[in-house]
Amino acid sequence: GAANCDVWLDVQNMVNHPYSVDDDLLNEAEVNGNWTPQEKALHEARLKAKAKRRLRKSSRNSTSESFSESGELSGSDPHSPKGKVNVSDRKSRTGKGRGLPKKGGAGGKGVWGAAGMVYEDEEPDLRDPNYDESGDTVYATVVPEVDEKELEKMVNPIVQEYFEHGDTKEVQMLLKGLNLGSHKFEFSSLAVALSLEGKASHRELTSRLLSDLSGKMLSQSEMARAFDKILKELPDLILDTPEAPQMLGQFVARAIADHVLPMSFLDFYKGKVDCEHARVALDRAEVLLTMKREMVRLDNVWGVGGGLRPVKHLVKEMNLLLKEYLISGDVSEAEHCLRDLEVPHFHHELVYEVVVMVLESKGDTASHMMIKLLQSFWKTGLITVDQMNRGFQRVYDELPEINLDVPHAHSIMETFVDLCYQEAVITKQLRDACPARGRKRFVSEGDGGAIKN
(Lines give C-alpha, C1' and ligand atoms only; values in the text may rest on other atoms or scores of the structure.)
Protein backbone atom coordinates (compact mmCIF):
# COMPACT_ATOMS: atom_id res chain seq x y z
CA GLY A 1 0.00 0.00 0.00
CA ALA A 2 2.87 2.40 0.81
CA ALA A 3 4.52 1.72 -2.56
CA ASN A 4 1.32 2.37 -4.47
CA CYS A 5 0.87 5.63 -2.49
CA ASP A 6 4.34 6.79 -3.45
CA VAL A 7 3.78 5.93 -7.10
CA TRP A 8 0.51 7.84 -7.04
CA LEU A 9 2.26 10.90 -5.55
CA ASP A 10 4.91 10.74 -8.28
CA VAL A 11 2.30 10.53 -10.98
CA GLN A 12 0.35 13.40 -9.44
CA ASN A 13 3.52 15.43 -9.14
CA MET A 14 4.28 14.92 -12.79
CA VAL A 15 0.75 15.74 -13.83
CA ASN A 16 0.37 18.84 -11.61
CA HIS A 17 3.95 20.05 -12.00
CA PRO A 18 5.33 18.84 -15.32
CA TYR A 19 7.83 21.64 -15.29
CA SER A 20 9.47 20.39 -12.10
CA VAL A 21 10.96 17.27 -13.75
CA ASP A 22 14.15 18.14 -15.63
CA ASP A 23 15.62 16.61 -18.75
CA ASP A 24 18.35 14.74 -16.88
CA LEU A 25 15.76 12.62 -15.15
CA LEU A 26 14.14 11.73 -18.49
CA ASN A 27 17.48 10.73 -19.98
CA GLU A 28 18.28 8.55 -16.97
CA ALA A 29 14.86 6.86 -17.30
CA GLU A 30 15.67 5.84 -20.89
CA VAL A 31 18.82 3.88 -19.93
CA ASN A 32 17.21 2.10 -16.98
CA GLY A 33 16.79 -1.01 -18.97
CA ASN A 34 20.59 -1.70 -18.90
CA TRP A 35 20.69 -1.56 -14.99
CA THR A 36 20.51 -4.43 -12.61
CA PRO A 37 17.29 -4.82 -10.53
CA GLN A 38 19.01 -3.60 -7.33
CA GLU A 39 20.43 -0.52 -9.03
CA LYS A 40 17.09 0.15 -10.66
CA ALA A 41 15.19 0.01 -7.29
CA LEU A 42 17.79 2.27 -5.65
CA HIS A 43 17.57 4.75 -8.45
CA GLU A 44 13.77 4.82 -8.29
CA ALA A 45 13.87 5.44 -4.51
CA ARG A 46 16.22 8.41 -5.04
CA LEU A 47 13.91 9.84 -7.65
CA LYS A 48 10.91 9.52 -5.39
CA ALA A 49 12.68 11.22 -2.48
CA LYS A 50 13.84 14.05 -4.71
CA ALA A 51 10.32 14.52 -6.06
CA LYS A 52 8.88 14.65 -2.53
CA ARG A 53 11.37 17.35 -1.48
CA ARG A 54 10.50 19.46 -4.47
CA LEU A 55 6.78 19.00 -3.84
CA ARG A 56 7.09 20.06 -0.14
CA LYS A 57 9.17 23.11 -1.05
CA SER A 58 6.77 24.25 -3.74
CA SER A 59 3.73 23.80 -1.44
CA ARG A 60 5.32 26.01 1.26
CA ASN A 61 6.03 28.80 -1.18
CA SER A 62 2.57 28.65 -2.70
CA THR A 63 0.85 28.69 0.76
CA SER A 64 2.65 31.82 1.98
CA GLU A 65 1.58 33.68 -1.16
CA SER A 66 -1.99 32.33 -1.38
CA PHE A 67 -3.76 34.75 1.01
CA SER A 68 -6.51 36.55 -0.84
CA GLU A 69 -7.70 40.08 -0.12
CA SER A 70 -10.78 38.76 1.73
CA GLY A 71 -8.55 37.18 4.42
CA GLU A 72 -9.35 33.59 3.42
CA LEU A 73 -6.73 30.94 2.72
CA SER A 74 -6.59 29.70 -0.87
CA GLY A 75 -5.30 26.35 0.38
CA SER A 76 -8.15 25.78 2.82
CA ASP A 77 -10.08 22.56 2.98
CA PRO A 78 -12.69 22.66 0.16
CA HIS A 79 -14.95 20.27 2.06
CA SER A 80 -15.14 22.46 5.22
CA PRO A 81 -18.09 24.92 5.59
CA LYS A 82 -17.46 28.08 3.58
CA GLY A 83 -13.91 26.95 3.04
CA LYS A 84 -12.79 28.02 6.56
CA VAL A 85 -9.63 26.71 8.16
CA ASN A 86 -10.10 23.86 10.63
CA VAL A 87 -9.76 25.57 14.01
CA SER A 88 -9.02 22.35 15.87
CA ASP A 89 -5.96 21.71 13.69
CA ARG A 90 -2.91 22.29 15.90
CA LYS A 91 -0.46 22.50 13.00
CA SER A 92 1.01 25.83 12.03
CA ARG A 93 -1.22 27.57 9.50
CA THR A 94 1.66 29.60 8.14
CA GLY A 95 3.51 26.45 7.08
CA LYS A 96 6.45 27.44 9.31
CA GLY A 97 7.74 26.09 12.57
CA ARG A 98 9.04 22.73 13.71
CA GLY A 99 5.75 21.50 15.19
CA LEU A 100 6.97 21.93 18.80
CA PRO A 101 4.66 23.06 21.68
CA LYS A 102 4.20 26.81 21.98
CA LYS A 103 6.02 28.80 24.71
CA GLY A 104 8.35 25.91 25.40
CA GLY A 105 5.67 24.00 27.30
CA ALA A 106 4.93 26.84 29.75
CA GLY A 107 1.54 28.41 30.15
CA GLY A 108 -1.50 26.62 28.94
CA LYS A 109 -4.81 26.12 30.68
CA GLY A 110 -4.63 26.50 34.46
CA VAL A 111 -0.85 27.19 34.46
CA TRP A 112 0.80 30.43 35.59
CA GLY A 113 4.00 30.04 33.60
CA ALA A 114 7.23 28.16 33.34
CA ALA A 115 8.78 26.68 36.47
CA GLY A 116 11.06 29.11 38.27
CA MET A 117 9.71 32.16 36.49
CA VAL A 118 9.64 35.30 38.70
CA TYR A 119 7.19 38.09 37.93
CA GLU A 120 8.13 41.65 38.75
CA ASP A 121 5.76 44.24 40.18
CA GLU A 122 3.92 46.10 37.49
CA GLU A 123 3.27 49.79 37.65
CA PRO A 124 -0.46 50.63 37.96
CA ASP A 125 -2.06 51.78 34.75
CA LEU A 126 -3.77 55.17 34.95
CA ARG A 127 -6.32 54.03 32.39
CA ASP A 128 -7.30 51.03 34.54
CA PRO A 129 -10.91 51.58 35.81
CA ASN A 130 -9.87 50.05 39.17
CA TYR A 131 -6.95 52.47 39.58
CA ASP A 132 -6.89 54.05 43.07
CA GLU A 133 -5.16 57.43 43.38
CA SER A 134 -4.82 57.19 47.18
CA GLY A 135 -2.55 54.15 47.00
CA ASP A 136 -3.37 50.98 48.92
CA THR A 137 -7.07 50.23 49.17
CA VAL A 138 -8.37 49.56 52.69
CA TYR A 139 -11.64 47.64 53.10
CA ALA A 140 -13.72 48.14 56.26
CA THR A 141 -16.85 46.37 57.48
CA VAL A 142 -19.82 48.72 57.41
CA VAL A 143 -22.61 47.99 59.91
CA PRO A 144 -25.92 49.62 58.90
CA GLU A 145 -27.61 51.86 61.44
CA VAL A 146 -30.32 50.15 63.47
CA ASP A 147 -33.83 51.23 62.57
CA GLU A 148 -36.05 52.59 65.32
CA LYS A 149 -38.58 49.78 64.77
CA GLU A 150 -35.89 47.08 65.13
CA LEU A 151 -34.20 48.74 68.11
CA GLU A 152 -36.54 47.27 70.73
CA LYS A 153 -36.28 43.75 69.25
CA MET A 154 -32.49 43.90 69.43
CA VAL A 155 -32.20 45.54 72.86
CA ASN A 156 -34.73 43.40 74.76
CA PRO A 157 -32.69 40.14 74.60
CA ILE A 158 -29.53 41.98 75.68
CA VAL A 159 -31.22 43.48 78.75
CA GLN A 160 -33.00 40.23 79.71
CA GLU A 161 -29.73 38.28 79.52
CA TYR A 162 -28.03 40.99 81.60
CA PHE A 163 -30.66 40.48 84.33
CA GLU A 164 -29.45 36.86 84.48
CA HIS A 165 -25.65 37.26 84.41
CA GLY A 166 -25.21 40.85 85.66
CA ASP A 167 -22.04 41.46 83.60
CA THR A 168 -21.96 45.08 82.43
CA LYS A 169 -18.82 44.53 80.31
CA GLU A 170 -20.63 42.00 78.14
CA VAL A 171 -23.43 44.51 77.55
CA GLN A 172 -20.88 47.12 76.48
CA MET A 173 -19.29 44.64 74.06
CA LEU A 174 -22.68 43.79 72.52
CA LEU A 175 -23.61 47.46 72.16
CA LYS A 176 -20.33 48.22 70.37
CA GLY A 177 -21.31 45.65 67.73
CA LEU A 178 -24.54 47.55 67.04
CA ASN A 179 -24.70 50.79 65.11
CA LEU A 180 -27.35 52.54 67.20
CA GLY A 181 -26.52 55.92 65.68
CA SER A 182 -28.84 58.69 66.83
CA HIS A 183 -30.99 56.19 68.78
CA LYS A 184 -28.20 55.33 71.21
CA PHE A 185 -29.85 57.12 74.15
CA GLU A 186 -32.98 54.96 73.75
CA PHE A 187 -31.11 51.93 75.10
CA SER A 188 -31.17 53.47 78.60
CA SER A 189 -34.88 54.26 78.43
CA LEU A 190 -35.72 50.72 77.26
CA ALA A 191 -33.60 49.18 80.04
CA VAL A 192 -35.34 51.27 82.71
CA ALA A 193 -38.78 50.47 81.28
CA LEU A 194 -38.03 46.73 81.36
CA SER A 195 -36.74 46.88 84.93
CA LEU A 196 -39.94 48.63 86.08
CA GLU A 197 -41.83 45.46 85.12
CA GLY A 198 -39.32 43.21 86.88
CA LYS A 199 -37.97 42.73 90.38
CA ALA A 200 -36.11 45.03 92.74
CA SER A 201 -32.89 43.22 91.89
CA HIS A 202 -33.46 44.03 88.20
CA ARG A 203 -33.78 47.70 89.02
CA GLU A 204 -30.58 47.54 91.09
CA LEU A 205 -28.76 45.92 88.15
CA THR A 206 -30.14 48.56 85.78
CA SER A 207 -28.87 51.38 88.02
CA ARG A 208 -25.43 49.77 88.02
CA LEU A 209 -25.52 49.37 84.24
CA LEU A 210 -26.38 53.05 83.71
CA SER A 211 -23.52 54.00 86.03
CA ASP A 212 -21.01 51.88 84.09
CA LEU A 213 -22.21 53.10 80.68
CA SER A 214 -22.10 56.75 81.71
CA GLY A 215 -19.05 58.52 80.33
CA LYS A 216 -17.96 55.48 78.27
CA MET A 217 -20.79 54.98 75.80
CA LEU A 218 -23.41 57.52 76.87
CA SER A 219 -22.91 61.12 77.98
CA GLN A 220 -24.92 62.94 80.64
CA SER A 221 -26.89 64.77 77.97
CA GLU A 222 -27.86 61.47 76.32
CA MET A 223 -28.86 60.04 79.71
CA ALA A 224 -30.98 63.14 80.32
CA ARG A 225 -32.73 62.58 76.96
CA ALA A 226 -33.42 58.96 77.95
CA PHE A 227 -35.03 59.90 81.29
CA ASP A 228 -36.97 62.71 79.63
CA LYS A 229 -38.43 60.15 77.24
CA ILE A 230 -39.43 57.86 80.13
CA LEU A 231 -41.13 60.74 81.95
CA LYS A 232 -43.24 61.37 78.85
CA GLU A 233 -44.13 57.65 78.61
CA LEU A 234 -45.27 57.38 82.25
CA PRO A 235 -49.03 57.41 81.41
CA ASP A 236 -48.51 54.24 79.34
CA LEU A 237 -46.16 52.60 81.86
CA ILE A 238 -48.68 53.03 84.68
CA LEU A 239 -51.09 50.68 82.91
CA ASP A 240 -48.73 47.75 83.52
CA THR A 241 -46.89 49.07 86.61
CA PRO A 242 -49.03 51.29 88.87
CA GLU A 243 -46.00 52.16 91.02
CA ALA A 244 -43.98 53.38 88.03
CA PRO A 245 -43.86 57.10 89.09
CA GLN A 246 -42.36 56.30 92.51
CA MET A 247 -39.89 53.82 90.98
CA LEU A 248 -38.84 56.28 88.29
CA GLY A 249 -38.27 58.90 90.98
CA GLN A 250 -35.92 56.47 92.72
CA PHE A 251 -34.14 55.85 89.42
CA VAL A 252 -33.63 59.60 88.93
CA ALA A 253 -32.33 60.07 92.49
CA ARG A 254 -29.91 57.15 92.15
CA ALA A 255 -28.72 58.40 88.73
CA ILE A 256 -28.03 61.90 90.10
CA ALA A 257 -26.17 60.44 93.10
CA ASP A 258 -24.09 58.26 90.74
CA HIS A 259 -23.33 61.30 88.52
CA VAL A 260 -25.15 59.66 85.62
CA LEU A 261 -27.47 62.69 85.40
CA PRO A 262 -26.38 66.28 85.98
CA MET A 263 -27.27 67.89 89.31
CA SER A 264 -29.39 70.46 87.45
CA PHE A 265 -31.68 67.77 85.99
CA LEU A 266 -34.50 68.41 88.49
CA ASP A 267 -34.14 72.20 88.27
CA PHE A 268 -34.88 72.05 84.53
CA TYR A 269 -38.37 70.64 85.18
CA LYS A 270 -39.48 72.96 87.98
CA GLY A 271 -42.72 74.64 86.99
CA LYS A 272 -42.64 73.11 83.49
CA VAL A 273 -44.32 69.73 84.05
CA ASP A 274 -48.01 69.33 83.23
CA CYS A 275 -48.24 65.54 83.65
CA GLU A 276 -49.31 64.56 87.15
CA HIS A 277 -47.40 61.28 87.08
CA ALA A 278 -44.18 63.01 86.03
CA ARG A 279 -44.55 65.48 88.94
CA VAL A 280 -44.91 62.56 91.38
CA ALA A 281 -41.71 60.99 90.04
CA LEU A 282 -39.72 64.24 90.22
CA ASP A 283 -41.00 65.02 93.73
CA ARG A 284 -40.00 61.53 94.87
CA ALA A 285 -36.48 62.04 93.49
CA GLU A 286 -36.15 65.42 95.20
CA VAL A 287 -37.25 64.02 98.57
CA LEU A 288 -34.74 61.14 98.36
CA LEU A 289 -31.90 63.47 97.42
CA THR A 290 -32.78 65.79 100.32
CA MET A 291 -32.82 62.89 102.81
CA LYS A 292 -29.63 61.29 101.50
CA ARG A 293 -27.67 64.46 100.79
CA GLU A 294 -24.67 63.30 102.82
CA MET A 295 -24.45 59.88 101.12
CA VAL A 296 -22.19 59.45 98.13
CA ARG A 297 -24.41 56.74 96.60
CA LEU A 298 -28.01 55.74 97.23
CA ASP A 299 -27.12 52.06 97.41
CA ASN A 300 -30.19 51.05 99.38
CA VAL A 301 -32.73 52.81 97.22
CA TRP A 302 -33.96 49.44 95.89
CA GLY A 303 -33.77 47.64 99.24
CA VAL A 304 -32.03 44.31 99.60
CA GLY A 305 -31.51 42.63 96.26
CA GLY A 306 -31.36 38.88 96.77
CA GLY A 307 -27.92 37.30 96.52
CA LEU A 308 -26.37 40.70 95.97
CA ARG A 309 -26.28 41.25 99.75
CA PRO A 310 -24.36 39.32 102.45
CA VAL A 311 -26.08 36.75 104.68
CA LYS A 312 -25.73 38.89 107.80
CA HIS A 313 -27.60 41.68 106.11
CA LEU A 314 -30.40 39.32 105.06
CA VAL A 315 -30.72 37.96 108.62
CA LYS A 316 -30.93 41.51 109.94
CA GLU A 317 -33.65 42.39 107.41
CA MET A 318 -35.70 39.31 108.33
CA ASN A 319 -35.44 40.15 112.04
CA LEU A 320 -36.64 43.67 111.33
CA LEU A 321 -39.50 42.29 109.21
CA LEU A 322 -40.73 40.04 112.05
CA LYS A 323 -40.45 42.75 114.70
CA GLU A 324 -42.49 45.15 112.57
CA TYR A 325 -45.08 42.42 112.07
CA LEU A 326 -45.40 41.81 115.84
CA ILE A 327 -46.12 45.53 116.24
CA SER A 328 -48.45 46.07 113.25
CA GLY A 329 -49.93 42.60 112.73
CA ASP A 330 -50.12 43.27 108.95
CA VAL A 331 -49.59 39.91 107.23
CA SER A 332 -49.76 41.33 103.69
CA GLU A 333 -47.03 43.89 104.43
CA ALA A 334 -44.81 41.17 105.89
CA GLU A 335 -45.39 39.04 102.78
CA HIS A 336 -44.57 42.00 100.52
CA CYS A 337 -41.31 42.65 102.39
CA LEU A 338 -40.31 38.99 102.22
CA ARG A 339 -40.91 38.86 98.46
CA ASP A 340 -38.83 42.01 97.97
CA LEU A 341 -35.85 40.24 99.53
CA GLU A 342 -35.90 37.82 96.56
CA VAL A 343 -34.20 34.98 98.44
CA PRO A 344 -36.62 32.02 98.25
CA HIS A 345 -33.73 29.65 98.92
CA PHE A 346 -33.11 31.46 102.25
CA HIS A 347 -36.67 31.39 103.62
CA HIS A 348 -35.68 28.68 106.10
CA GLU A 349 -33.90 31.47 107.98
CA LEU A 350 -37.26 33.25 108.43
CA VAL A 351 -38.80 30.05 109.86
CA TYR A 352 -35.84 29.70 112.23
CA GLU A 353 -36.15 33.32 113.40
CA VAL A 354 -39.94 32.88 113.93
CA VAL A 355 -39.49 29.86 116.23
CA VAL A 356 -36.64 31.49 118.18
CA MET A 357 -38.73 34.64 118.72
CA VAL A 358 -41.61 32.50 120.02
CA LEU A 359 -39.27 30.74 122.45
CA GLU A 360 -37.84 34.04 123.73
CA SER A 361 -41.19 35.85 123.96
CA LYS A 362 -43.43 36.17 127.00
CA GLY A 363 -47.08 35.20 126.82
CA ASP A 364 -49.06 33.54 124.05
CA THR A 365 -49.63 36.60 121.86
CA ALA A 366 -46.40 36.19 119.87
CA SER A 367 -47.02 32.46 119.47
CA HIS A 368 -50.47 32.91 117.93
CA MET A 369 -49.35 35.77 115.66
CA MET A 370 -46.39 33.78 114.34
CA ILE A 371 -48.58 30.74 113.67
CA LYS A 372 -50.91 33.00 111.68
CA LEU A 373 -47.95 34.38 109.71
CA LEU A 374 -46.51 30.93 108.93
CA GLN A 375 -49.95 29.67 107.96
CA SER A 376 -50.34 32.55 105.48
CA PHE A 377 -46.88 31.96 103.98
CA TRP A 378 -47.60 28.22 103.75
CA LYS A 379 -50.92 28.67 101.93
CA THR A 380 -49.51 31.19 99.43
CA GLY A 381 -46.54 28.94 98.71
CA LEU A 382 -44.05 31.57 99.80
CA ILE A 383 -42.46 29.01 102.14
CA THR A 384 -42.13 25.47 100.80
CA VAL A 385 -42.23 22.27 102.81
CA ASP A 386 -38.46 21.87 102.48
CA GLN A 387 -37.80 25.37 103.81
CA MET A 388 -40.30 24.80 106.66
CA ASN A 389 -38.72 21.48 107.66
CA ARG A 390 -35.21 22.88 107.48
CA GLY A 391 -36.08 25.90 109.66
CA PHE A 392 -37.69 23.75 112.40
CA GLN A 393 -34.89 21.17 112.23
CA ARG A 394 -32.30 23.88 112.84
CA VAL A 395 -34.14 24.87 116.01
CA TYR A 396 -34.34 21.21 117.08
CA ASP A 397 -30.57 20.87 116.70
CA GLU A 398 -29.81 24.06 118.66
CA LEU A 399 -32.43 23.52 121.37
CA PRO A 400 -29.89 22.46 124.04
CA GLU A 401 -27.98 25.76 123.57
CA ILE A 402 -31.22 27.77 123.49
CA ASN A 403 -32.34 26.06 126.72
CA LEU A 404 -29.39 27.65 128.53
CA ASP A 405 -30.84 31.11 127.92
CA VAL A 406 -34.52 30.07 127.96
CA PRO A 407 -35.08 27.49 130.77
CA HIS A 408 -38.58 26.52 129.57
CA ALA A 409 -37.59 26.25 125.90
CA HIS A 410 -38.51 22.54 125.65
CA SER A 411 -42.05 22.96 126.95
CA ILE A 412 -42.66 26.08 124.86
CA MET A 413 -41.31 24.28 121.84
CA GLU A 414 -43.59 21.29 122.32
CA THR A 415 -46.65 23.53 122.72
CA PHE A 416 -45.77 25.62 119.64
CA VAL A 417 -45.13 22.51 117.51
CA ASP A 418 -48.49 21.03 118.50
CA LEU A 419 -50.30 24.26 117.59
CA CYS A 420 -48.53 24.42 114.23
CA TYR A 421 -49.54 20.83 113.50
CA GLN A 422 -53.17 21.58 114.43
CA GLU A 423 -53.17 24.53 112.01
CA ALA A 424 -51.66 22.31 109.30
CA VAL A 425 -48.50 24.39 109.11
CA ILE A 426 -46.12 21.44 109.62
CA THR A 427 -46.34 17.71 108.90
CA LYS A 428 -46.80 14.90 111.43
CA GLN A 429 -43.25 13.68 110.80
CA LEU A 430 -41.88 17.11 111.70
CA ARG A 431 -43.98 17.23 114.87
CA ASP A 432 -42.78 13.79 115.95
CA ALA A 433 -39.17 14.82 115.36
CA CYS A 434 -39.40 17.44 118.12
CA PRO A 435 -36.91 16.42 120.88
CA ALA A 436 -38.32 15.59 124.34
CA ARG A 437 -37.01 17.11 127.56
CA GLY A 438 -33.91 15.45 128.90
CA ARG A 439 -35.06 15.26 132.55
CA LYS A 440 -38.69 15.39 133.78
CA ARG A 441 -39.36 16.02 137.47
CA PHE A 442 -42.65 14.41 138.54
CA VAL A 443 -42.06 15.02 142.28
CA SER A 444 -40.68 18.25 143.61
CA GLU A 445 -38.37 18.08 146.58
CA GLY A 446 -39.94 21.16 148.19
CA ASP A 447 -43.58 20.37 147.48
CA GLY A 448 -44.09 17.63 150.10
CA GLY A 449 -44.39 14.85 147.57
CA ALA A 450 -47.10 16.51 145.46
CA ILE A 451 -47.33 15.22 141.87
CA LYS A 452 -46.46 17.86 139.25
CA ASN A 453 -49.04 18.47 136.60
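Between which helices does the loop that holds Y119 lie? Y119 lies in the loop between α3 (37-64) and α4, where helices (H or I, at least four residues) are DSSP runs numbered from the N terminus.

The views show a predicted model, in which local features need pLDDT of at least 70 and side-chain atom pairs count only at pLDDT 80 or more, while totals for chains, interfaces and linings use all residues. Residues are numbered from 1 along each chain as its sequence is written, and side-chain values use heavy atoms, with hydrogens and water left out.

**View A. A nonpolar surface patch that includes Y119.** W112, M117 and Y119 together form this patch, with about 470 Å² of accessible area, as given by the Shrake-Rupley method with a 1.4 Å probe and only the protein chains shown counting as cover. Patches are made of residues with over 30% relative accessible area and no salt bridge, nonpolar side chains (Val, Leu, Ile, Met, Phe, Trp, Tyr) being joined within 5 Å and like charges within 9 Å. Y119 counts as exposed because its relative accessible area is 52%, the classes being buried under 20%, exposed over 50% and partly exposed in between (1.4 Å probe, protein chains only).

**View B. Helix α6 and the helices that cover it.** In α6 (residues 186-196), eleven of eleven residues are buried, among them E186, F187, L190 and L196. The cover of these buried residues includes α4 (148-165), α5 (168-176), α7 (200-213), α8 (220-232), α9 (234-240) and α10 (244-257), contact being defined by heavy atoms within 4.5 Å.

**View C. The salt bridge between E186 and K229.** Side chains of opposite charge can pair when their charged atoms come close. Here the side chains of E186 and K229 meet at 3.3 Å, N to O, a salt bridge being a side-chain nitrogen of Lys or Arg within 4 Å of a carboxyl oxygen of Asp or Glu. This pair links distant parts of the chain, with E186 in helix α6 and K229 in helix α8, 43 residues apart. E186 is buried, at 7% relative accessible area, whereas K229 is partly exposed, at 24%.

View D. R208 is partly exposed, at 32% relative accessible area, and E204 is buried, at 4%. R339 is partly exposed, at 43%, while E335 is buried, at 16%. Salt bridges that share partners also join E204, R208, R254 and D258 into one network.

View E. Y162 and F163 form a tilted pair, 6.3 Å centre to centre with 45° between the planes.

Key. Helices (H or I, at least four residues) and strands (E, at least two) are DSSP runs, numbered from the N terminus. Rings of Phe, Tyr and Trp (its six-membered ring) pair if their centres lie within 6.5 Å; planes under 30 degrees apart count as stacked, over 60 as edge-to-face and the rest as tilted.
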